[in-house]
Amino acid sequence: MKLDVNVLRYLSKDDFRVLTAVEMGMRNHEIVPSELVDRIAGLKHGGTYKVLKNLLKYKLLHHDRSKYDGFRLTYLGYDFLAIKTLVNRGVFTGVGRQIGVGKESDIFEVAQEDGTILAMKLHRLGRTSFRAVKSKRDYLRHRSSFSWLYLSRLAALKEFAFMKALQEHDFPVPKAIDCNRHCVIMSLVQGYPMVQVKQLQNPETVFEKIIGIVVRLAEHGLIHCDFNEFNMMIDDEEKLTMIDFPQMVSVSHQNAQMYFDRDIECIFKFFRKRFNMTFQEDRDEADETEVEVDENSRPSFYDITKDENALDRELEASGFTKKEQNDLDKFIEGGLEKSEDSDEDEESDDEEQTAESNEEENLNEMKSLQLQEEEQKSSDGVEAEAELDDNEK
Ligand code: ADP
Ligand code: MG
């Protein structure tokens, strides 16, 4: 998907007001009925409908009229809301080129007023592991707000909270600058993901440093769970920076041992293959060794779990609530445990089924809409006005 930020310039105050209204409607509706958008936005003389057309043209909304006439935000629409908020806050002034495409994110450069370049990560949960969400359908059924919007927002919130905490504990991570919706702003890391590196001056040192980071993480109560050559950046001085944390779990997690072993194994495997390194366990088989690491055995998880630096608990006390953590875990664990390559056909079947069951839900929702709205109007009114105004600055 393309992020054409030029469109930002053509969007008026009313455009953002209506876009925000759709976002607010999505808290309770997967597809937000047009009348509801109109009621939340509160534009005069049927203005909402004209604006909706404009937003559709720029693909910021998706129009769904299968069961009733309604709208939902596209990722692009959500991107624009986050970008607009962050620009209003003065975090950055312009969006530049795309520098990364992750499994479930897009990374862009953004520029601050003084020319400083930062990295903007837009989380896109559900892009590849949509099935993991669907497999939790029973769970979803009772949660209308559980959607890619919500999950991507949680992933960003978690990543931001972890980045800050890890930095405070001197882990080599990017500097966390700000966060809004599904978007995290962080310092731009110089260098490249390890996966692009063909040669190292000091492979043993780099290897030891990396293992050291994983071990120290566990000592602090955390397991990365996606620790591989894609999520470790290295510069020309062979300085390391760890990125990508939304899937981290606590050492108290029931599968902690497995995730830890898998992270460690991943590193061993990479250094063995890429830099021809051999380890104790390989020696019997190896005839000749180009590089040899003097290592007795691989770190063992239970030896290193200390209690005094429980970052996992510290994080629980941060802005990221236990409930949010649980919601995100339910999604991510589905993704962590499923096999890497998913079956496309099966996936689209699933998608259809979900669409059907969602529609059913939506119809029911429509029926109780009137009631709900009467209730909400009184309580949300003040909040809604404040939120809409916030985006109009
Ligand atoms: P995902 O969660 O989707 O895997 P990552 O956080 O791993 O996303 O980022 C994807 C890619 O974007 C990385 O491999 C890296 O090349 C680039 N990237 C991410 N964060 C930064 C950053 N702070 N500075 C520079 N490049 C980055
Ligand atoms: Mg990654």
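Predicted model: local features only at pLDDT ≥ 70, side-chain atom pairs only at ≥ 80, totals over all residues.
Local features are reported only at pLDDT of at least 70 and side-chain atom pairs only at pLDDT 80 or more, whereas totals for chains, interfaces and linings use all residues. Residues are numbered from 1 along each chain as its sequence is written, and chains are lettered from A and ligands numbered from 1 in the order in which they are written.

Helices (H or I, at least four residues) and strands (E, at least two) are DSSP runs numbered from the N terminus, and two strands are taken to pair if DSSP finds at least two bridges between them. On this basis, an open sheet is formed by five strands in the order S4-S5-S6-S8-S7, with antiparallel pairing. Its edges are strand S4 (94–101) and strand S7 (176–180), each of which pairs on one side only. From one strand to the next, the twist averages 25°. In general, strands of a sheet pair through backbone hydrogen bonds, either parallel or antiparallel.

Strand S5 (residues 105–111) is joined to strand S6 (residues 117–123) by seven bridges in the antiparallel sense; within this pair, serine 105 has histidine 123 of S6 as its bridge partner. Five bridges, also antiparallel, link S6 with S8, and here alanine 119 stands opposite methionine 186 in S8. Methionine 186 of S8 is likewise the bridge partner of alanine 176, in the antiparallel pairing of S7 and S8 over four bridges. The hairpin of S7 and S8 has two residues between the strands, and arginine 181 takes a positive phi near 50° there.

Residues are in contact if their C-beta atoms, placed from the backbone, lie within 7 Å. Helix H5 (residues 75–88) lies across S4, S6, S7 and strand S8 (183–187), at about 125° to S7. Helix H8 (residues 148–168) lies across S6, S7 and S8, and runs at about 160° to S7. A residue is termed buried if 20 or more other C-beta atoms, placed from the backbone, lie within 10 Å of its own, exposed if 12 or fewer, and partly exposed in between. Four of the five residues of S8 are buried, and this strand is mostly covered.

Ligand 1 is surrounded by 18 residues, the closest being Gly100, Gly102, Ser105, Ala119 and Asp244; a residue is near a molecule if its C-beta atom, placed from the backbone, lies within 6 Å of it. At least two residues of this shell come from each of S4, S5 and S6.

Elsewhere, the axes of helix H2 (residues 13–25) and helix H4 (residues 47–57) come within 9 Å and cross at roughly 90°. H2 and H4 are therefore roughly perpendicular to each other, a term covering angles of 65 to 115 degrees. H2 contributes Asp14, Asp15, Val18 and Leu19 to the contact, and H4 contributes Gly47, Thr48, Val51, Leu52, Asn54 and Leu55.

Helix H3 (residues 34–41) contains aspartate 38. This aspartate 38 counts as partly exposed because it has 18 C-beta neighbours inside 10 Å. Its C-alpha atom is separated by 7.7 Å from that of valine 18, 20 residues apart along the chain. Serine 34 is also found in H3. Leaving aside neighbours within four places in sequence, serine 34 is in contact with Leu52, Asp69, Gly70 and Phe71.

Note on methods. Axes fitted to C-alpha atoms, helices over the stretch in contact; angles between N-to-C directions. Contact = placed C-beta atoms within 7 Å. Parallel < 35°, antiparallel > 145°, perpendicular 65-115°, else oblique.
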